[in-house]
Amino acid sequence: MMNGKEYIDSLRDLDLEVYFLGQRIKSLVDEPMFQPHIHTAAMTYELAHDPEYQEIMTATSHLTGERINRFTHIHQGIDDLVKKVRMMRLLGQKTGTCFQRCVGLDGLNAVYVTTYDIDQKHGTNYHERFRNYLLEVQKNDWMPSGAMTDARGDRSLRPSKQQHPDTYVHIKERSEDGLIVSGMKAHITGAINSHEIITMPTRTMGEEDRDFALSFAIPADAKGVSYVFSRQTNDTRRLDGVLDSGNPKYGIVGGEAIIIFKDVFVPWERVFMAGEYEFTNELVETFAGYHRSNYGGCKVGLADVVIGGSNWIAEAHGIERASHIVDKLTEMIAMAETCWSCTLACSYEGYRTPSGAYHIHPLLANVTKLNITRMVYEWMRLAQDIAGGKIITLPSEKDLENPETMEILTECFAGKEGFPPRDIIKMLRLIENMSVGAGLPEAMHGAGSPAAQKIMIARRSGVDRKMELAKTVAGINQDTSFERIIGKDEKEHWDEVKKKIQEKSVQIC
Ligand code: SF4
Ligand code: FE
């Protein structure tokens, strides 16, 4: 297992083609704008070496029996699913931002589950290829980015009908040695500081979209791959001084980038799906389920930081005992722990898939993420409320250090005795960073937008069964046979789920 420094050094061995603010970036590791993202991802490596967190941060590989970083592990039981979300809350608490490595972890698990099922149906050997790849990931302690979201162009048209075929990553050519692929993936978290890229389809594909039903892994600096790094609210603040940036070491949210694939060669041993369109839905839903469950971990870790910061500021301003402040802080805690309860529930209600890997409870995972899309806004609103208007009107560090204005500003931001004005400004900047910036829309759209969660919730809610329950209680319907009281689609869905469930813990309604 690498530690934080070894991870950062390992990025120097890569030669990524990255563009930002109109320029090609020469050295990623030395670029000041990328420092926070790299430091945050490094924390996923560093904590694995801390004896206090080893139980959460590491796991035993089911392939080799060796101790590995949990971010490269395939979940072998409920205990692993629970430890995964504990790890996410812990990292959120330590960094106050997105640590990026979970997307690759979820990609590894989702591809592991799906390749097994493809092989069962088609007699292919994707799963064996993938296990060999996983061995490499674990041995090298790589961070792969999980590249799912395509650019998608005109959303009303299927991938094969798009005016620009590159809006979806697709197969251009097949040969004896492998595939030639082209296209784009957008908003990919941690892309420029990952060692590898794992791609997955972004949506369910039909037969005519065979060439878009595609999953593979390549080195992040493979020939033909380039990146355009995205901007974030207040991103250049990090160049203005420690005090102005809010979270100087770890930044705002995970650095996202567009990944461009231009005639990239992928050898067959790194291809995990090539045309099996009928498994695209399984891969997308499995990945989305894992990733949506995470949000009740990482965002609650961030909530811990912002609740602590809000309480500290209330104390610094001498208002910590005011009943409305106590009420707001209590609201924040209750909402954060509600989301935490959701993520624990979908982990404890997880189940064993035919591949042997464990998956979370899909309905509960979608409920977790839907709650996050609302409650993060709510607890950040309360943090802004407690902090006061200062969080958007603070002067710059340069003015605080200018002898002409230093004294008056120090007086202006003084609080209760024992709370230095500079510390008060630091904490207000942190709250500004977390509650005003890009973290909010990230909580909304990361792991899929609310509409996507609602589709999954509606599909899995078993509302027909609930109606029958109501009718039976009301004495309207005397027929309680399960097969007859659920609709046809619902029955097919649950038959499928029942086939996959080999353990008792998943509820069917
Ligand atoms: Fe991980 Fe959360 Fe960032 Fe997603 S948003 S990569 S789950 S820290
Ligand atoms: Fe995210």
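**Salt bridges, sheet, metal and voids**

Guide: Start with K172 and D263, whose side chains form a salt bridge with N to O at 2.8 Å. Keep in mind that this is a predicted model.

Visitor: Where in the chain do K172 and D263 sit?
Guide: The pair links distant parts of the chain. K172 is in strand β6, residues 170–174. D263 is in strand β11, residues 256–267. They are 91 residues apart.

Visitor: Are K172 and D263 buried, exposed or partly exposed?
Guide: K172 is partly exposed, at 47% relative accessible area. D263 is partly exposed too, at 39%.

Visitor: How many salt bridges turn up in the whole structure?
Guide: The search finds 29.

Visitor: What about the salt bridge between E285 and R460? How far apart are the closest N and O atoms?
Guide: They are 2.7 Å apart. E285 lies in helix α8 (residues 280–316) and R460 in helix α15 (residues 450–460), so this pair ties together parts 175 residues apart in sequence.

Visitor: Buried or exposed, E285 and R460?
Guide: E285 is buried, with a relative accessible area of 13%. R460 is buried as well, at 14%. The cut-off for buried is under 20%.

Visitor: Which residues are joined into one network by salt bridges that share partners?
Guide: E55, D79 and K83.

Visitor: And D9 with K5, what's the N to O distance there?
Guide: Their side chains meet in a salt bridge at 2.8 Å. Both residues belong to helix α1, residues 4–11. They are four residues apart, so about one helical turn separates them.

Visitor: How exposed are D9 and K5?
Guide: D9 is partly exposed, at 33% relative accessible area. K5 counts as exposed, at 56%.

Visitor: New topic. What's the strand order in the six-stranded sheet?
Guide: The order is β2-β1-β10-β11-β7-β6. The sheet is open and its pairing is mixed.

Visitor: Which strands are at the edges?
Guide: β2 (23–24) and β6, each of which pairs on one side only.

Visitor: How do β1 and β2 run, parallel or antiparallel?
Guide: Antiparallel. Two bridges join β2 to β1, which covers residues 17–20. F20 stands opposite Q23 in β2.

Visitor: On to the metal. Which protein donors does the iron ion have?
Guide: Y295 through OH and E442 through OE. They lie 2.0 to 2.2 Å from the iron ion, which is ligand 2.

Visitor: Where do Y295 and E442 come from?
Guide: Y295 is in helix α8 and E442 in helix α14.

Visitor: Buried or exposed, Y295 and E442?
Guide: Both are buried.

Visitor: How does the lining of the largest pocket divide by residue type?
Guide: Into 21 nonpolar, 17 polar and ten charged.

Visitor: How many cavities of 30 Å³ or more are there?
Guide: Five. The largest cavity holds about 130 Å³ of space. It has 14 lining residues, and V253, L302, M380, M434 and G439 are the closest to its centre.

Visitor: Which elements supply at least two residues of the largest cavity's lining?
Guide: α8, α10 (362–387), α13 (421–436) and α14. The lining divides into nine nonpolar, four polar and one charged.

Visitor: And the second largest cavity, what's its volume?
Guide: About 80 Å³. Its lining includes T233, N234, R237 and E432. The largest share comes from α13, with four residues.

Visitor: How does the second largest cavity's lining divide?
Guide: Two nonpolar, five polar and three charged.

Notes. Residues numbered from 1 in each chain as written. Chains lettered and ligands numbered in written order. Predicted model: local features only at pLDDT ≥ 70, side-chain atom pairs only at ≥ 80, totals over all residues. Heavy atoms only, no water. Salt bridge = Lys/Arg side-chain N within 4 Å of Asp/Glu carboxyl O. Buried < 20%, exposed > 50% of the residue type's maximum accessible area, 1.4 Å probe, protein only. Pairing = 2+ DSSP bridges. Nonpolar A, V, L, I, M, F, W, Y, C, P; charged D, E, K, R; others polar. Donors = N, O, S within 2.8 Å, 3.2 Å for Na, K, Ca; no water. 1 Å grid on protein atoms, 1.4 Å probe; cavity = no way out; pocket = protein on both sides within 12 Å on 5 of 7 lines; lining within 4 Å. Points joined across faces, edges and corners; volume = space filled by probe spheres on them.
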